[in-house]
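This report covers the disulfide and the aromatic pairs of one protein model. The sequence and structure come first, and the notes follow.

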Amino acid sequence: MTARSTRCTTAAKTRTSRLAAVAAIAVAGSMLLTACGDQTEGGSTKEGGESTAAASKAPLFSKLPADVQKAGVIKVGTDASYAPMEFTEGGKIVGVDPDIAEALSKQLGVKFQFTSGTFDGLITSIYTGRQDLIMSSMTDNKKRQEGLDDNGKKIGKGIDFVDYFSSGVSLLVKKGNPQGINSLDDLCGKTVAVQRGTIYEDTFKAQATKCGDKKLTIQAFDTDAEAQTRVKAGGAVADLNDYPVAAYIAKTSGGGNDFEVVGSQSDVGLFGIGVSKDNTQLRDAVKEALDAIIKDGSYAEVLKKWDVEDSAVKQATVNAGK
């Protein structure tokens, strides 16, 4: 789903309804939110903290590390510009991931406190201890597990993943598909837009190699909203996104008049909740909590709410990404 340290002194919080959120996702309004990096703090599973005594009544509270039990909070890094997975509405971070976190919190007995930052700075936030977890539609892959860059060079410890969601990727093009794009091969000789640091940028880079002399030009941006704006303006022919996200954008942006999804899903893989390799106790507690909400049906309820039931996993796994 590299380090970035963009900060600002104020956070733009402009979304007050689902319709307002939709418009902001596809245009620059959403960019303002993620540009604020760690200063944008907008989501948690509950208001205020819980006492240890109250929290200890949760079924899996005792499984958590002692410092997390004492704090009563799990700090979660995300990039809240990715509806329906995570986005900002009415000043709060909402979506599939925050709702899954809410279900997990009932098992673990601690608050999940979401902070929005740029996507390619999230893994660094785990390395530095600024965040305990990542929940940001991040694809679990070997590169991230092992801390490797695009060239296979070791740049960090890597992180572990608790896999919780399955998704393929789809091309998002301007409504009416004026360039007749139906597959990755149709992009050769054209310009595409994508969010920097994501698996989708990797997919476009692989396609550029395949295109050879018929050059594929890749424009990478800090947020997916910027990439969408580029496609909408005609400066790029396509963006690449997870299918649930692409379908949501096509359905809602501009009342359904801005974009459409083309071709079939490819590169089906797993999204993972990122956690430090040094914190296996937290990782295992989250895995057990995920299995619990899958079993009790609350996980399925979240996916149904956001129309992403096809992306359900049957059980929690660790580092199952390729």
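## Disulfide

Cys-188 and Cys-211 are joined by a disulfide, with an S to S distance of 2.0 Å. A disulfide here is a pair of cysteine sulfur atoms within 2.5 Å, and the count by this rule is 1. The angle about the S-S bond is -80°, and the link of Cys-188 and Cys-211 is left-handed.

Cys-188 lies in the loop between strand 8 and strand 9 (191-195), and Cys-211 in helix 8 (residues 199-211), 23 residues apart. Helices (H or I, at least four residues) and strands (E, at least two) are DSSP runs, numbered from the N terminus. Cys-188 and Cys-211 are both buried (under 20% relative accessible area, 1.4 Å probe, protein chains only).

## Basis of the model

The model is predicted: local features need pLDDT of at least 70, side-chain atom pairs count only at pLDDT 80 or more, and totals for chains, interfaces and linings use all residues. Residues are numbered from 1 along each chain as its sequence is written, and side-chain values use heavy atoms, leaving out hydrogens and water.

## Aromatic pairs

There are 4 aromatic pairs in the structure (ring centres within 6.5 Å; planes under 30 degrees apart are stacked, over 60 edge-to-face, the rest tilted; Trp counts by its six-membered ring). One of them is edge-to-face, because the rings of Phe-87 and Trp-306 have centres 5.9 Å apart and planes at 90°. Phe-87 is buried at 0% relative accessibility, and Trp-306 is buried at 8%.

The rings of Phe-165 and Phe-271 have centres 5.3 Å apart and planes at 15°, so this pair is stacked. Phe-165 is in strand 8 (residues 159-174) and Phe-271 in strand 12 (residues 259-276), 106 residues apart.

Conventions: Buried < 20%, exposed > 50% of the residue type's maximum accessible area, 1.4 Å probe, protein only.
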